[in-house]
Amino acid sequence: MVDDAEDVGSYCSLDLSSQGHPHIAYYDQVAKDLKYAFFTGQAWEILVVDAEGNLGEYAQLALDDRDRPHLGY
């Protein structure tokens with residue numbers, strides 16, 4: 001499980017790093033936040049990208065050639 005908070009994972013967008021590790025942008029329906037999670041190879045890291053209001057429902061994620069995340073929402 002990536003995020004054990006209640007009602008998260010809606011409207012997710014997935015991309016894989018050059019090492020094949022998953023990166024996910026998703027919406028937290030309870031907190032109304034946009035979150036970003038990525039697998040380091042050993043553990044999941046979860047960040048709140050934006051918590052200003054009700055946003056991030058339809059985020060899109062893309063990793064560039066250096067595996068840096070870019071999110072549109």
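Predicted model: local features only at pLDDT ≥ 70, side-chain atom pairs only at ≥ 80, totals over all residues.
These are my notebook entries on a few things I looked up in this structure.

**Confidence.** The chain averages a pLDDT of 93, and 100% of the residues score at least 70. I then checked the individual elements: confidence is lowest in β1, with a mean of 90, and highest in strand β5 (residues 60–63), at 98.

**The sheet.** Next I traced the strands. I found an open sheet of four, in the order β1-β2-β3-β4, and the pairing is antiparallel. Its edge strands are β1 (8–16) and β4 (44–50), each of which pairs on one side only. On average, neighbouring strands here are turned by 25° against each other, direction ignored. As a reminder to myself, strands of a sheet pair through backbone hydrogen bonds.

**β3 and β4.** I looked at one pairing in detail. Strand β3 (residues 33–39) runs antiparallel to β4, and six bridges join the two. I also looked up F39, and its bridge partner in β4 is W44.

**The core.** Which residues make up the largest nonpolar core? I noted six: A25, L34, Y36, A59, L61 and L63. The elements giving two or more residues to this core are β3 and β5.

**Aromatics.** Last, I went through the rings. The structure holds four aromatic pairs, and one aromatic cluster is formed by Y11, Y27 and Y58.

Definitions and conventions
Residues numbered from 1 in each chain as written. Heavy atoms only, no water. Pairing = 2+ DSSP bridges. Axes fitted to C-alpha atoms, helices over the stretch in contact; angles between N-to-C directions. Phe/Tyr/Trp six-rings, centres within 6.5 Å; stacked < 30°, edge-to-face > 60°. pLDDT = per-residue confidence, 0-100. Core = buried A, V, L, I, M, F, W, Y, C linked by side-chain atoms within 4.5 Å. Buried < 20%, exposed > 50% of the residue type's maximum accessible area, 1.4 Å probe, protein only.
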